Amino acid sequence: MSESQVYKDYFFDEPVFDLHDGGYIPLEKADVPDKPLNIPAALKPDKVDGNDVYYTITAQEGETQILPGAKTKTWGYNASLLGTTIVLKQGVHYHVHLVNKLPEVTTFHWHGLNVTGPIVDGGPHAPVYPGGSRDIDFTLDQPAQTDWIHPHPCPNTARQVWNGLAAAVVVTDDEEAKLPFPRNYGVDDIPVILQDRSYHDNQLDYKADYDMDGTLGKYALVNGTINGVFNVTTQRVRLRILNGSDRREWRLHFDDEHEFTQIASDGGTLPEPVKFTRLMLTCAERAEVIVDFGDKKPGDVVTLMSDNVPVMKFKIGEYQREDVKLPEHLTTIDAPKVTPGLPVTRTVMSGMDDKVRLDGKLFDMQRIDRKQKIGDTVLWDVVNTNDMDGGMIHPFHMHGCQFLVLSRNGKAPYPNEHGWKDTVGVNAGETVRIAVQFTKFGVYMYHCHILEHEDTGMMAQIEAYDPNVKHEYHLISMDEMNHPSK
């Protein structure tokens with residue numbers, strides 16, 4: 001890739017951006033004072049015993065000072081809102097005690113982790129009931145990346161995320177640790193969890209704001225902060241950006257058109273760094289970027305924008321010069337060879353509002369829609385049949401794996417899509433071809449990650465199987481999940 005190449009557009013098809021939706025709610029700048037950006041604390045282990053690490057993650061109610069005046073009733077993981085950042089390392093065996101202190105059933109879904117399903121993965125078949133708990137364990141065997149944890153109970157995922165349940169998961173490994181990336185958490189390596197919310201007398205009211213095509217809020221929040229300010233004390237800052245919204249697409253740029261470099265996507269480090277002035281993320285996508293503020297002086301302020309609305313500010317302080325040049329090659333992606341003789345799997349996302357379907361069906365928790373053998377690499381064509389005129393982008397997510405994007409309507413994927421992904425935005429009228437391989441047994445969801453679409457039923461299940469090992473699954477019904485038998 002040419003060192004001088006800087007991309008200055010959002011790549012996705014502008015006619016189907018969310019801002020053209022009839023029910024679109026534009027972001028507004030909140031008329032409230034700036035405040036320090038919330039940087040979630042890193043979760044501390046309960047115990048470390050050699051290569052075994054023990055964590056407790058509690059879904060809980062709380063109150064958070066978001067706007068002046070009354071505190072907002074919110075939910076979070078080990079925190080009043082969002083959650084503590086969970087740091088995991090490749091090769092370590094984790095034991096996680098999941099606790100539900102909420103007044104309703106929830107689940108703990110590890111979005112992006114390559115773990116067995118459906119229980120450890122934390123989809124709707126792994127409920128944790130109010131006052132209850134669940135214990136899971138797994139050995140992490142995937143490269144460094146930014147993932148997240150969020151609830152996944154049918155049909156209440158969107159509302160529970162809206163209430164605040166979403167936390168960053170930072171995966172580390174020895175290979176990525178050798179690259180010249182900032183990695184001092186909270187100082188030059190920070191999560192940027194992007195969400196949008198509206199408030200009613202300072203409180204959330206999901207029912208009042210609900211839109212079945214995806215609920216939107218009028219204020220931008222970063223890590224739960226409105227008008228947040230991050231004090232820059234180093235020349236380079238690594239932003240682990242997550243679109244944690246129910247629906248909103250984030251079209252990001254700096255107010256001075258400052259360049260930044262993407263170094264990783266959903267599934268980890270990109271083969272080559274990609275320079276941008278603009279970046280668009282659909283729901284649940286992640287992008288790790290490095291911003292070099294070496295052209296700024298103390299006292300300068302740089303504002304991150306989405307479309308034309310301020311999202312957060314970077315206030316430049318004193319820093320030591322650190323003119324680091326990234327290598328042109330960051331990592332080698334060992335693309336698995338497609339298993340010969342297998343047909344292309346075609347999955348179709350269709351409709352809008354209450355007409356959304358996946359392969360013409362609504363989700364059934366007790367129906368296995370597809371099967372794929374562990375170790376096989378299968379081509380999938382992910383199709384969005386919406387019309388370009390009045391249609392929308394559907395972000396497609398698969399549990400239990402990371403995939404490679406091979407093409408968009410037969411043409412090359414976007415420049416920052418050459419790494420591993422678990423979520424890909426599919427334009428209206430587009431077919432995105434991906435290469436999919438499962439390495440763990442389980443039943444996994446695949447679905448549109450507009451959360452209201454997922455809750456409406458735009459979701460299906462695939463069983464990753466080993467023909468030499470039989471696994472039995474109890475696939476509970478939605479009624480059983482929400483109303484367990486006494």
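How many nonpolar, polar and charged residues are in the lining of the largest cavity? The lining has 7 nonpolar, 3 polar and 4 charged residues; Ala, Val, Leu, Ile, Met, Phe, Trp, Tyr, Cys and Pro count as nonpolar, Asp, Glu, Lys and Arg as charged, and the others, Gly among them, as polar.

The model in these views is predicted: local features need pLDDT of at least 70, side-chain atom pairs count only at pLDDT 80 or more, and totals for chains, interfaces and linings use all residues. Residues are numbered from 1 along each chain as its sequence is written, and side-chain values use heavy atoms, with hydrogens and water left out.

**View 1. The largest cavity and its lining.** The model holds 6 cavities of 30 Å³ or more. A cavity is a set of points, on a 1 Å grid over the protein atoms alone, where a 1.4 Å probe fits but cannot get out, and lining residues have an atom within 4 Å of a point. Grid points are joined across faces, edges and corners, and a volume is the space filled by probe spheres set on the points. The volume of the largest cavity is about 100 Å³. Its lining consists of 14 residues, and Leu279, Met280, Leu281, Glu285 and Asn416 lie nearest the centre. Two or more lining residues come from each of strand E18 (260-265) and strand E20 (279-281). E20 gives the largest share, 3 residues. Strands (E, at least two residues) and helices (H or I, at least four) are DSSP runs numbered from the N terminus. Because domain 1 (6-18 + 180-316) and domain 3 (345-482) both give residues to the lining, the largest cavity lies between them.

**View 2. Domain 1 against domain 2.** The assignment gives domain 1 (6-18 + 180-316), domain 2 (39-176) and domain 3 (345-482); such bounds come from an automatic or database domain assignment. Between the C-alpha centres of domain 1 and domain 2 the distance is 21 Å. In this pair, 38 residues of domain 1 are in contact with 31 residues of domain 2, where contact means heavy atoms within 4.5 Å.

**View 3. Strand E22 and its two partners.** Strand E22 (residues 301-306) has 5 of its 6 residues buried; buried means under 20% relative accessible area, exposed over 50%, and partly exposed in between, with a 1.4 Å probe and protein chains only. Strand E17 (residues 250-254) runs antiparallel to E22 and is joined to it by 3 bridges. Two strands pair if DSSP finds at least two bridges between them. The hairpin of E22 and E23 has 2 residues between the strands, and Asp307 there takes a positive phi near 55°.

**View 4. Surroundings of Thr269.** Thr269 belongs to strand E19 (residues 268-276). Its relative accessible area is 12%, so Thr269 is buried. Beyond the neighbours within four places in sequence, the contacts of Thr269 are Ala144, Glu176, Leu179, Phe181, Ile263, Ala264, Leu330, Thr331 and Ile333.

**View 5. Surroundings of Leu140.** Leu140 sits in the loop between E10 and E11. With a relative accessible area of 1%, Leu140 is buried. Neighbours within four places in sequence aside, Leu140 is in contact with Leu88, Lys89, Gln90, Gly91, Val92, Tyr94, Leu113 and Val171. Leu140 and Met445 are 305 residues apart in sequence, and their C-alpha atoms are 20 Å apart in space.

View 6. Most residues other than glycine have a negative phi, and most peptide bonds are trans. Phe11, not a glycine, has a positive phi of about 70°. Asn227 is buried, its relative accessible area being 8%.

Methods
1 Å grid on protein atoms, 1.4 Å probe; cavity = no way out; pocket = protein on both sides within 12 Å on 5 of 7 lines; lining within 4 Å.
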